[in-house]
Amino acid sequence: MKFSFNLIKKLAPGQYDEKLLTEKLNLHSFETTDLGNGVLDISVPANRFSDIASHLGVALEVSVIFKTKLSDFLSKMPKFDSKLSGPSVEVQDKNLCPRYMAAFVSGVKVGPSPKWLKDILEDCGIRSINNVVDVMNYVMLEIGQPMHAFDADKLKGGIVVRKAKKGEKIETIDGQKFDLDSDTLVIADSKQPLAIAGIKGGKSSEVTDKTKNILVEAANFNGVNIYKSSRRLGLRTDASNRFMHDLSPALVEMAMHRALALLRELATANAGQADGKDGKPTDVYPKKQSKKLLELNTGKINKLIGYDFNEKELADLFSRLGFKLEGKLWQVPEWRMDINNLEDLAEEVARFSDYNKLPALPPAVALGVAEEAEEISLVDKVSGFLKGAGFSESYNYSFISKEEAGALPKGIFGAEKPVELLNPISNQSAYLRDSLAPGLLRNLKDNSRFYSDMKIFEMGKIFGEGRSGVKETLALSAVISGKNSALEIKGLADSLFTQLGLTEYLTPDLNIVSDFLKSGEALRIETPEHQVLGYLGSLKDFKNGAIMEIDLEKLLKEVDEEREFEPIAKYPAIERDISILVSKSVRTGPILNFLYSVSPKLVEDVDLIDYYEDSKLGANHKSLTFRIVFRSEDHTLTDPEADREIAIINQILTDKFNAELR
Amino acid sequence: MANLEQLKKQALEAVKQSKDIKNLEELRVRFLGREKGELTKILRSLGAMPLEEKKKVGPAANALRAELEQALDKKSAELRVNSLKFEVGLDITMPGTKVGVGHLHLLTQVEKQVREIFKAMNFSVITGPEAETEKYNFDALNIPKDHPARDMWDTFWLRQNEQLTINKKLLTESKKLKVKSEKLLMRTHTSPMQVRFMEKHKPPFQIIVPGRVFRFEATDASHEINFYQVEGLMVGRDVNLANFKFVMNEFFQRLFGKGIKLRYRPSYFPFVEPGLEIDIEWKGKWLEIMGAGMVHPRVFEAAHYNPRDLQGFAFGLGLERIAMIKYNIPDIRLFYSGDLRFIKQF
């Protein structure tokens, strides 16, 4: 919000310039930027529109900061003419309009405003219209209370503050037309709405060059209602912005008096009653703002801040801020809507004494062990492992497109369908990601312009709608591009599981159609109890690409970090290599499983050490070479023993897998 | 004298012809050996020579010794270099083979730094859900419905069917608060964990909560639709503003270095009172780096604490902002680009 340095200084005279004032306001009050040419931009905190969205309020802060006095020209009361009589006022909805003040002003000479007034309006970004409208705007800038002037001769009957009726329309001063609904508060005459209350005035009663008599309005409106109406109509104005932040009804009277004094001075106007009896403006204010009385508990304030202020300096501060001592309690100024409790008082004390000058003291707490969420330790461990394995970490958005959502093999992470955003920022990010795969696939594609062999991973939350609501899961996904990527990622998964302490798991065929996995080259990763942990496999649309994705939360439940020493083998091992020729349709997995299980006591390890296909072998054949490690726990194995095992193995390979020994 | 000339010729020729270090050392003994070296002998015989001859032979013999020593050393160095060329099979001057090293995302690294510092100050590290209820994200934090204060947090809302509520486990606690609204959203800050944590734990405690948060806003070089925050909360009977300043001074000195200058100034967040912001001085400019304050009594009430018995401070900082300042990164969108040319720099 823009402020005029000149007006602030006029209200709170003192030895300071823009630079010093900006610095001090930042330090003690609120964020302020010096825009140059005598204009300050103040970011008004949401709870302080009532007191500092006005030059007067800022001037009060300034007077406290620099310990100077406020100018008293505001206290001049206007003169009233008790012979004048204007339209009546009726407030129908007193909750939405707690206070309504109106004054009938006659003999107005509409014309241009004086230069000083135009300058201040311009500094604050408001266009000068004519002296009447300018006074309304000026008072809003000075006091913080939005005002409105109606051309009194255009009104039909008295003023009614009520909710709009169904089907009512209004054309605002700037020519926009709005259909009103019954939640919107309007200022109406006996015929039609004249203004959208607290938001904008209407064309029909606009003040023009020809206007002779006006009705000046200063009113207080319910903040929530103005907020909602303003949103519904898509119309945010200086006035609505102020009202929606809750203004004090006390501003109404201050502003009215100020406006009438200025109109007399600048438009030679004569002010009087609207429908009152004593020559003063009408004031419909049935339920007065309640008085706030607070205890100034120095001990508690000191305990909260951690410093030793004395009672006298606090009393001084609050007097300067406009608080009044009533018995043992302090009355909060009516315009300070933000101050309601001890903590609020403590803030005034702390900020005016400068946070930077307050002490910094180590907290005295009992020593405890700092804990770390299991999830975080796991993430650290996994990312450390993957980094060591040559993977780089990517962060992708949590949002994906409708097309990308649901691409995951169905049911793999237990969610039934993806979660949709109510207000997406674009179609590209209309859903919550239900898998890390779409992001990583995009990373592979984007980076392939610069890199050929890539290893990328991501850890993050994925979302799905399950039977019990929105399910949020921590997932890990890794992708590889390059030769042999699918088997490499399978090996990676195995090393990772071993590292984490998951010793037993199964990798059956995925057997589910997926949008991005090559059919027949994808596996499910599951526990021996068939709890699905994730999947891995070759990518369909990315050459030499492979992916794995794991539910880390499920994995966390399975891992067992307890490790126990296993005696180092006492007796030597015997290694034997077996080369076989099998049909291409025979898969290696079952052969390996067989080799492991054929003689569990003697077979320690089996490895596929060579694999090739060649036209010389015949088009439908492949050659596999296995290295089998035999070892006995209780004696040195002899060659004849190993030979015997090999003979059995060869026999079964031939019978069961149709293998040709080479 | 003639002897000497002949010896010189003979010795220099032998050195020249020498093919290896071993032979060269033999020559050194033969001519310069302490006991029987041929030149040594001549030098030793100088004493017995007549003065006239001594004057002639002496300087010449000494000059020859110097010349011979130099020749031997030069040849020796030559042979050593040559022998190296012959023995090595690998050209070690070729570039080293690249080892596939991975890189953790810069935000992961910065988060780790932040966690380590707070853990060193006895803060526990916890996490919370990214999909939140309106209750925890706003209501419990004294951010009322239909108040413009809420506009400080532009929100992504989730489309909800009748059955679509958040994970029931997470709701049990909030039900006790007589929740009217269980509208779901993507959390706009990590602050909801303040109340969630307090509902289940008794003070005194000190925690931080790192995590991803979301804002419904147009992206540009300094705004993203998702980003990372670290929330902090310390509560006890006497935890005061001076303690907050101490913890922050320590934290920023460890993160940015001992010399870092901080500036505290007033600010407004509905869930703290007093509310503050912290700036750091970086390359001659003050940069906003953290929002904080003393926990608002309404927040204690939302967690069923008695605000009269307790005090505490809360703070929130943006990881991207710290990373951008510390590593001179010009655009926040780089963090979510997945661009390996960016990721692999750190």
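How many residues of domain 1 of chain A are in contact with domain 2 of chain A? Counting heavy atoms within 4.5 Å as contact, 18 residues of domain 1 of chain A meet 20 residues of domain 2 of chain A.

## The ground rules

This is a predicted model, where local features need pLDDT of at least 70, side-chain atom pairs count only at pLDDT 80 or more, and totals for chains, interfaces and linings use all residues. Residues are numbered from 1 along each chain as its sequence is written, chains are lettered from A and ligands numbered from 1 in the order in which they are written, and side-chain values use heavy atoms, with hydrogens and water left out.

Chain A is split into domain 1 (2-75), domain 2 (89-284), domain 3 (293-357), domain 4 (374-558) and domain 5 (574-661), with bounds from an automatic or database domain assignment.

Domain 1 of chain A and domain 2 of chain A bury about 1,400 Å² between them, 60% of it on carbon and sulfur atoms; that's the accessible area (1.4 Å probe) the two parts lose on being put together, summed over both. A:L7, A:F49 and A:S50 supply 35% of what domain 1 of chain A buries here, more than any other three residues.

## A pairing in domain 5

Over in domain 5 (574-661), strands β27 (residues 574-583) and β29 (residues 621-630) of chain A pair in the antiparallel sense over 10 bridges. Strands are DSSP runs (E, at least two residues) numbered from the N terminus, and pairing takes at least two DSSP bridges. A:V582 has A:K622 in β29(A) as its bridge partner.

β27(A) also pairs with β30 (residues 660-661) of chain A, again antiparallel, over two bridges. There, A:L581 stands opposite A:E660.

Notes: Helices (H or I, at least four residues) and strands (E, at least two) are DSSP runs, numbered from the N terminus.
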